[in-house]
Amino acid sequence: MEKYDRQLRLWGDNGQSYIESANICIIGPHNPLLQETLKNLILPGFKKFNWLNTSDSSNIQSNNNNDLFFNDINDILKLNEDKVELSIELWNNSIDKSFWKNFQILIILSINDKSIISYFDNLLSLPKNDNDSLYLPPIILAHSIGLFGYVHLKFFNPHFILETHPDYPRYDLILDKPWPQLKQFMDKLDLTNLNDSLISQLPYVVFLYKAIEAIPNNEIKSTTSIKNWLGNIDLPINNGNLNFIQAKRYSYLAFYDTESEARILKILKDAVKFESESNLWRDNFNNNVIKLVKCFKIYLDEFKFIPINGEIPDMESKSEYFIELEKVYRAKSESDKEKFKGITRQNCPEIPDDFINLFWKNIRNIAFVKPSKKPIHYIWDTSDLLFRDLLELQFGTENNVQMDEKFQLSLVVNSYSTSSIIAGIAAQEVLKVITHQYVPVDDALVYNGLDDEINTFSI
Amino acid sequence: MAGRESNIVKIVGIENYEKIRNCKCLLVGAGGIGSELLKDLILMQFGEIHIIDLDTIDLSNLNRQFLFRQKDIKQPKSTTAVKAVSHFSNSKLIPYQGNIMDTNQFPLHWFNQFDIIFNALDNLAARRYVNKIAQFLSLPLLESGTSGFDGYIQPIIPHLTECFDCTKKETPKTFPVCTIRSTPNLPIHCIVWAKNFLFNELFASSITENNQDEQRLEDKQDWGTEDKEEIERIKQETNELHELQKIIYSKDSSKIVNILEKLFIHDIEKLLLIENLWKTREKPTSLTLEHIESSKKIDVSKLKLDQIWSLEEQIAKFINVTEILMNRYSIEKSIEFDKDDEDTLEFVVTAANIRSYIFGISMKSVFDSKQIAGNIIPAIATTNAIIAGLSSIVSLRVLNLLNYANVKKPTDINMAFTSKASNISNQRYLSNPNLSKPNCNCAVCSKVCRGVLEVSTVKLQTSTLGELIELIRTTFKYPNDVSVLDVSGQRLLADFDFDDLLDKTLEDLKLGEGDVLLFTDDEGDEDSNQFRKSLELYIAVVSDKSDDYIKLPSIEVPLIEKIEEAESNDMEEEINIATNANEETIILIDEEEALELDKQSKGKRLEREDSSDKDNIKKIRTTNTIEDDIIELD
Ligand SMILES: [Zn+2]
């Protein structure tokens, strides 16, 4: 695993195992964008590829090998010393729809034949039928030309992310909703009886708890009232005490986070709604999450509050206090989790324990990308003019291009660096989608190399 | 014309294509971004590309540095990269293995042959160095960096746009000596202790007696504490470490237990005697002989790197790996810490974890500790591809080669930051602010005038310091009262009450190629309250000129308003960072390159960041570990 050390720090063994078992289908002609995308996927460890080549012979002629970096597609496979499989076939419009269930993702690069788009739109318009259901993985469309390019992601089912890796972990201390063990811990620490040394070693959480407890119930309990109480309390520690300062600073952590709650509830509601509307493709991860989401709704109906995940932020403290506090929060999370597992055992006993633990730990970070029911050719209706022009150029209808003439010189040729950038972005999104970590682009972006601009928008 | 050429001709036009063919690029770094940039610049048809890297190839590079294979491990990156691309390159490629900051290998005039510099570096020190060089020579510089899914590019047009140092960079995290040596409270404190202090004392240096020099440096050291008793103890402990080194030297593995007893029992017991330390802190609990005894039953071959081992397992592994290092030391004479050298890593991790146990700090797995000890930044192929692509395309605008996107003023050019888009409500993949004008408070590009002093080999031997000062005074209209500082050697050469050296020749003063002199107006003009701006001169020794040749840069040094006290302090600090490479190491950890992302998320971060670090930590001057810790990263 040493080879993957640097990237394991982004998505862990778990993410890596999804990468190494994924099966990817690429549709497109042999060009720099395809080579670069393949390269960017083989390096981090993807191992199984199908390439449906859309080059026609005349196209191969004009696409002089001189603008490719790798002489032979097999040279790219050798970028990873592990065994990489690539099976190559020519694209044809009569591929059976059952073919697509072999893949976790479908990447469509630089095609110039609209009938490929029509092929998929036809599949999507087939009437729903449980016995003959269509499995279509998420699709990534990309193209680059001149100093411009685009990447578009299309999901046919809700795509869930548990490990979203937010920049700042959000902790909920819910000191305003104490449970017996927390109360017991706090009651042992009596500010009026502890000696100076012990008071100066109290973690800030204790000060916050005491503040909430001391503020009479008929007064509004807010960060302001906590800070006021902390400002007026007579304690033997001077104002320079770090933990005391931190108590004021982190007073916002004291209360149950209703904003997070609203956000999570909305995600859960939307997810279930979108799920019920589609019966197309669903990968195992999404499948498990949607079942757990339904169980979680049952949990919330009964227990009302978004549970804590058992983690508390680092804080200065006598280590004995910190360890005990950590235990109290962990035990609470574990006992809530057991209640949740009681529900999952009844409703979806097949979901592995590890997966439930992952869900529980990340419930506050959960995100999903909504699916789109529109046919793929709706991309031509985009309000982004540059995107539209790029599509016209890609599919050989450049007479429809509306952009400023001065750009056009650069629009009809390949610029390798642009392909590099677009292939980098496309592969980056594949990594996010396959690992179910980090939130992918929702759902399109256009790159403009004239001023390093990337515009992101939803189609 | 073949595809590659005709494409680029269509993009830039035939005239500008010729310019690209005649363009000489310097690419600093052949790692993650460097591999990608080399490919992109070749396909853009740049005429000549010189590529430099200090490092050799490591297994952990292969997940992104696509020009390298398993068989290339331990080979130099620069030459291997050039070999890998030469089959299809129309560009003249010249590789160098070396440190870009090495003035012998890369003197200033060597940089002068280039039209543009691409930075694909992994550390702050080299980035700042190349930035300074670009300022000296007015060369456009394309700065870039990545960390995980995030990355940035910053084009720098000297004197016209912000330089790399115009915005404050997160400087290396520093810790007070006393926190590291006496009162750790975080895992990182113990890792710094084990790596920068213990490991270095035991394996990195040869046995030295405590000489006067060391004594003198110790007297000057900032201990981060006023407690005399504690300072005495730290000094004594250092002396005793020399005793431990003798155990390593003896190759007697039965004595490793003595090392454990000394570090984790006796030293802790002594520490406990300093009662002042434990008034507001929890006391450490020293190891016991029983711990050491019971560790002997453990089979270390079964331990897994991603798990947190028990105390006994840590001790067993410590003994095991110390024995290995002891044997290596007798052959290698000196061992450097290297995060990819498993023995050194495991020594540091086990020593740190045993210390953590003693101080009630949580222990870490080898995998997690490696990230801290090795300053590991996550890295993937995709981000490097995006950033290198952006960097190569923006170079066309920096060189003003796109006629249909004419750059009217440098601040029309953009920089760019990618973000991982982890926050779904924040739908920005790339921010692209226009370049700013230089920050007038920047010590690198604005507060000081810069230029090159060319001098022939003979003139160096004949010209005295006094003559040089006179020449500079008259040329740039400085008053009588100037001070002259040798920035590289960090010594005062002359000021109003120090004229002992004026009759010495430049050679007597050991001044030569690559040395930097700083002239400061100490007098000013009383009436107008104005001062002549300070002048930094880089000495370039030229061999192909007449014996009498000496040439000052053709620049103007303006008068400026008197500098406020606070500002001039700033400047001193800057100089310290750049120059005091010869001082004894004061403990500090490696820089965190997360700084790159600061620019975009600073506001948010400051608000949430735990203030404890900032409030508690007294800044210690950074020292030579910056240079020592140049490690391979993107
Ligand atoms: Zn500057």
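## Domains of chain B

In this predicted model, chain B is divided into domain 1 (3–169 + 379–431), domain 2 (185–360) and domain 3 (448–633); such bounds come from an automatic or database domain assignment. The C-alpha centres of domain 1 and domain 2 of chain B are 42 Å apart.

Local features need pLDDT of at least 70 and side-chain atom pairs count only at pLDDT 80 or more, whereas totals for chains, interfaces and linings use all residues. Residues are numbered from 1 along each chain as its sequence is written, chains are lettered from A in the order in which they are written, and side-chain values use heavy atoms, without hydrogens and water.

## Fold and surface of chain B

Chain B contains 22 helices and 16 strands. Helices (H or I, at least four residues) and strands (E, at least two) are DSSP runs, numbered from the N terminus.

Of its 634 residues, 59% are buried, where buried means under 20% relative accessible area, exposed over 50%, and partly exposed in between (1.4 Å probe, protein chains only). The accessible surface of chain B is about 26100 Å², and 48% of this area belongs to carbon and sulfur atoms; areas come from the Shrake-Rupley method with a 1.4 Å probe, and for residues only the protein chains shown count as cover. Among contacts in chain B with a separation of 6 or more, 73% join residues 24 or more positions apart, a contact being heavy atoms within 4.5 Å.

## Aromatic pairs

Rings of Phe, Tyr and Trp (its six-membered ring) pair if their centres lie within 6.5 Å; planes under 30 degrees apart count as stacked, over 60 as edge-to-face and the rest as tilted. Over all chains there are 52 aromatic pairs. One of them, Tyr299(A) with Trp360(A), is edge-to-face, at 5.6 Å centre to centre and 85° between the planes. Because Tyr299(A) lies in helix α12 (residues 284–303) and Trp360(A) in helix α14 (residues 353–361) of chain A, the pair ties together parts 61 residues apart in sequence. Both residues are buried.

In chain B, the ring centres of Phe136(B) and Tyr538(B) are 5.5 Å apart and the planes stand at 65°, so this pair is also edge-to-face. Phe136(B) belongs to helix α6 (residues 124–137) and Tyr538(B) to strand β14 (residues 534–542), 402 residues apart. Phe136(B) is buried at 9% relative accessible area, and Tyr538(B) is buried at 3%.

## Charges over rings

A charge sits over a ring if NZ of Lys or CZ of Arg is within 6 Å of the ring centre and within 35 degrees of the ring normal. Arg9(A) lies over the face of Phe367(B), 4.1 Å from the ring centre. Within chain A, the charged end of Lys273(A) sits over the ring of Phe274(A), 4.6 Å from its centre.
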